[in-house]
Every structure is written in C-alpha cells, then in structure tokens.
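Colleague: I am new to this structure and should be grateful for a guided reading. May I put some questions to you?

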Amino acid sequence: MTVAFLTSLDIRDIDDHNWQLIAPFCVDVDGVLICAPAGMITDFASVPRLPLAYMLLGNIGHRAAVIHDHLYASGEIPRADADAIFRAILLAEGVSSFRAGLMYAGVRVAGGRYYNPTGASDAG
C-alpha cells in the first residue's frame, strides 16, 4: 500500500490516556482519502503496560493509531482492511517491519471487540 500524509497530527492531551484531535488528520492510502475528524478522542495504540510489550511497542505509530481508531469507530470499511491500513501507515511512519508486524498481529487477535461493524461487514 502507498501512504501519503496530507495533514499533520494536531492533538491536545486531555488526560493521562487520551488525546483529542484539534484538526482533521488525513491520509491518502492507495488513492483513497481517509480523514479522522477534529474532535475525535484517541488513546493511540492500546499497548499493554507490561514492561517488554510497552518497551517494544509503546509510544510509536501515533498517526497509524489515530486512523485505525477512526476506522474502527466508524465501521466504514471491513475490519481486516482497517487492520491492513494500520500496518501500512505504521510502515510509512518508519516503524520497523518487526514492530509493525507485532502491532498488526495484536489488532488482529485482540481488536475485534472494539470494531463497530455498523454499515460494514467484517472480512477478517
């Protein structure tokens, strides 16, 4: 997948675990425009606070996590596609293939309960 960042990630901290988008955050993925709206709340990537897991995967991939949170909340595309886009954006952000693969596996295994399928079917 080809990813282009169209806007910068403009956020504000609202508490210890959540941030709010001040402006829309938009990316182009293979010619498709995806925008997380201003006002959206995100916790970025929900990495368990276990020492090794957080050391490897914590505090990285914020742009990918915002788009992934948006896609999961909106249900506008199938879950498997949202997860593939998450991985592609992680790689575009410069996250290593190893870490991106671990984060992708995490959302495939544990993300289903957060996906809102309203208006979309889950192919994964």
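Colleague: Where does Asn 18 lie?

Modeller: This is a predicted model. Strand E2 covers residues 11-13 and strand E3 covers residues 19-21. Asn 18 is placed between them, in the loop between strand E2 and strand E3.

Colleague: Is Asn 18 buried, partly exposed or exposed?

Modeller: The class of partly exposed lies between under 20% for buried and over 50% for exposed. The relative accessibility of Asn 18 is 24%, so this residue counts as partly exposed.

Colleague: Which residues does Asn 18 contact, leaving aside its neighbours within four places in sequence?

Modeller: Asn 18 and Ile 41 are 23 residues apart along the chain, yet their C-alpha atoms are separated by 6.5 Å. Ile 41 is also one of the contacts of Asn 18. With those neighbours left aside, the list reads Asp 13, Ile 41, Thr 42 and Asp 43.

Colleague: What is the distance between the end C-alpha atoms of helix H4, and what span should its residues give?

Modeller: Helix H4 comprises the 14 residues 97-110.

Colleague: Within what arc do the buried residues of H4 fall?

Modeller: The buried residues of H4 are Ala 100, Met 103 and Val 107. Seen down the helix axis, they line one face, because they fall within an arc of 65°.

Colleague: Which exposed residues does the face of H4 turned away from its buried side carry?

Modeller: An α-helix has 3.6 residues a turn, so residues three or four places apart point the same way. The buried side of H4 includes Met 103. The face turned away from that side carries the exposed residues Phe 98 and Val 109.

Colleague: How many residues apart are Arg 63 and Glu 93, which form a salt bridge?

Modeller: The closest N and O atoms of this salt bridge are 3.4 Å apart. The pair links distant parts of the chain, with Arg 63 in helix H2 (residues 62-74) and Glu 93 in the loop between helix H3 (79-92) and H4. Arg 63 is partly exposed at 26%, and Glu 93 is partly exposed at 22%.

Colleague: Which residues have the most contacts inside the largest nonpolar core?

Modeller: In soluble globular proteins, nonpolar side chains tend to be buried together. Here the largest nonpolar core has 26 residues, and the elements giving two or more residues to this core are strand E4 (25-29), strand E5 (32-36), H2, H3 and H4. Not counting residues up to four places away in sequence, Ile 67 touches Phe 25, Val 27, Ile 34, Ala 36, Ile 85 and Ile 89. The residues with the most contacts inside the core are Ile 67 and Ile 89.

How values were computed:
Residues numbered from 1 in each chain as written. Predicted model: local features only at pLDDT ≥ 70, side-chain atom pairs only at ≥ 80, totals over all residues. Heavy atoms only, no water. Helix = DSSP H or I, 4+ residues; strand = E, 2+ residues; numbered from the N terminus. Buried < 20%, exposed > 50% of the residue type's maximum accessible area, 1.4 Å probe, protein only. Contact = heavy atoms within 4.5 Å. Expected span 1.5 Å × (residues − 1). Arc of directions from axis to C-beta. Salt bridge = Lys/Arg side-chain N within 4 Å of Asp/Glu carboxyl O. Core = buried A, V, L, I, M, F, W, Y, C linked by side-chain atoms within 4.5 Å.
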